[in-house]
Amino acid sequence: MFLFFSNLIDEKEKKKVFYRCWTRKEAYLKAQGVGLISDLKSISVDLNEFPSNPWITIPNNPEMKTSWKLFPLNLGELYTASIVATPNQKHIIYYTANYLR
């Protein structure tokens with residue numbers, strides 16, 4: 001992840017990638033039901049806007065019995081969010097709302 005992040009030149013893009021990474025890892029931990037108590041470095045996620053590999057990787061946890069799949073949400077330019085679910089999840093349904101300006 002560090003090499004990918006360090007290759008980014010634009011500060012705006014670095015910020016987007018940081019929040020993309022954070023929300024994906026946070027979504028995984030919340031799906032596990034543990035919150036932010038685990039080491040975020042131990043969780044590997046695809047940082048591309050549209051992941052080529054949607055599976056969450058936990059390299060130091062061979063006991064992991066459940067695979068987790070990442071579903072990034074498109075909430076527009078100002079927000080980023082992700083959902084993590086088991087492979088049995090066929091569809092994710094979410095609703096958009098108009099924001100007050």
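Predicted model: local features only at pLDDT ≥ 70, side-chain atom pairs only at ≥ 80, totals over all residues.
Of its 101 residues, 27% count as buried.

The secondary structure consists of two helices and two strands, arranged along the sequence as α-α-β-β. Among contacts between residues at least 6 apart in sequence, 33% join residues at least 24 apart.

The aromatic side chains give a more local view. A pair of aromatic rings is described by the distance of the centres and the angle of the planes. With centres required to lie within 6.5 Å, the protein has three aromatic pairs. One of them is formed by Phe18 and Tyr19, with 5.2 Å centre to centre and 75° between the planes, an edge-to-face arrangement. Phe18 has a relative accessible area of 43% and is therefore partly exposed; Tyr19, at 41%, is partly exposed as well.

Another pair is made by Tyr28 and Trp68: the ring centres are 6.1 Å apart and the planes stand at 85°, so this pair is edge-to-face. Tyr28 belongs to helix 2 (residues 11–32), while Trp68 sits in the loop between helix 2 and strand 1 (69–73), so the pair ties together parts that are 40 residues apart in sequence. Buried means under 20% relative accessible area. Tyr28 has 5% relative accessibility and therefore counts as buried, and Trp68, at 12%, counts as buried too.

Returning to Phe18 and Tyr19, these two residues form one aromatic cluster together with Trp22.

Technical notes
Residues numbered from 1 in each chain as written. Heavy atoms only, no water. Helix = DSSP H or I, 4+ residues; strand = E, 2+ residues; numbered from the N terminus. Buried < 20%, exposed > 50% of the residue type's maximum accessible area, 1.4 Å probe, protein only. Contact = heavy atoms within 4.5 Å. Phe/Tyr/Trp six-rings, centres within 6.5 Å; stacked < 30°, edge-to-face > 60°.
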